[in-house]
Amino acid sequence: MSEAAQSGQKANFVLFPLGKKRFALFADLVTELARPDRLHTFPHTTPLLSGVLYRRDQIVPVCDVAPVLIGPEAPERKFYLITVRKGRSSNEWTALPVTGECELAASELLPVSGKLLPYVCGRIELGNEVIEVIDLERISAGGTA
């Protein structure tokens, strides 16, 4: 999680669409928004892993969180949001398929309130819209909702 979130200060977020709903990640965890690339698939039993991309001389796992966040009827994903996650020995890239263009926004992280799922680490309000901030470590560890 971002340091700004822990201190309660205003932070930058990348908003990304999945279907009709938008979610947010801390901007310091996002490397780039990439166009569709060739997804290499292989037999495996890892939840949420849909394959890997070869990007900038790195093998990048693709973690499709859409089924967890919006359900099995998620629309086709058009872009990859490349994020940084803490690996066992170093930081690793992970690609998240998203359904449309992303947006950068600055907002104060509000605490989780009500009955939200465990991978939500907070929320932000932009106008009348409340957007859940996702913790990639938690969602990857859980696999499904």
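Leaving aside neighbours within four places in sequence, threonine 83 is in contact (heavy atoms within 4.5 Å) with Leu25, Leu29, Val30, Thr31, Glu92, Trp93, Thr94, Leu96 and Leu136. Threonine 83 sits in strand 6, residues 79-86; strands here are DSSP runs of E with at least two residues, numbered from the N terminus. At 0% relative accessibility, threonine 83 counts as buried. For the rest of this talk, buried stands for under 20% relative accessible area, exposed for over 50%, and partly exposed for what lies in between, with a 1.4 Å probe and protein chains only.

Before continuing, a word on the model. It is a predicted one, in which local features need pLDDT of at least 70 and side-chain atom pairs count only at pLDDT 80 or more, while totals for chains, interfaces and linings use all residues. Residues are numbered from 1 along each chain as its sequence is written, and side-chain values use heavy atoms, with hydrogens and water left out.

Five strands form an open sheet in the order 8-1-2-10-9, and the pairing is mixed. Its edges are strand 8 (103-108) and strand 9 (120-126), each of which pairs on one side only. From one strand to the next, the twist averages 40°; the axes behind this angle are lines fitted to C-alpha atoms, and angles run from 0 to 180 degrees between N-to-C directions. Two strands are said to pair if DSSP finds at least two bridges between them. Strand 2 (residues 21-26) and strand 10 (residues 129-134) pair in the parallel sense, over two bridges.

Which residue in strand 10 is the bridge partner of phenylalanine 23? The partner is glutamate 132. Glutamate 132 also forms a salt bridge with lysine 21, and the closest N and O atoms of that pair are 3.8 Å apart. Because glutamate 132 lies in strand 10 and lysine 21 in strand 2, the pair ties together parts that are 111 residues apart in sequence. Glutamate 132 is buried, at a relative accessible area of 16%, whereas lysine 21 is partly exposed at 37%.

A salt bridge here requires a side-chain nitrogen of Lys or Arg within 4 Å of a carboxyl oxygen of Asp or Glu. How many salt bridges does this rule give? The count comes to eight.

Arginine 55 forms a salt bridge with glutamate 32, the closest N and O atoms being 2.7 Å apart. That pair links distant parts of the chain, with arginine 55 in strand 4 (residues 49-55) and glutamate 32 in strand 3 (residues 30-34), 23 residues apart. Arginine 55 is buried, with a relative accessible area of 19%, and glutamate 32 is buried as well, at 13%. Glutamate 32 forms a salt bridge with arginine 56 too, at 2.8 Å between the closest N and O atoms. Here the link runs from strand 3 to the loop between strand 4 and strand 5 (58-63), where arginine 56 lies, 24 residues away. Arginine 56 is exposed, at 57%. Elsewhere, salt bridges that share partners join Arg22, Glu103 and Glu129 into one network.

Finally, the cysteines. How many disulfides does a search of the whole structure find? The search finds zero, a disulfide being a pair of cysteine sulfur atoms within 2.5 Å. Cysteine 102 is partly exposed at 22% relative accessibility, whereas cysteine 121 is buried at 11%.

Notes:
Helices (H or I, at least four residues) and strands (E, at least two) are DSSP runs, numbered from the N terminus.
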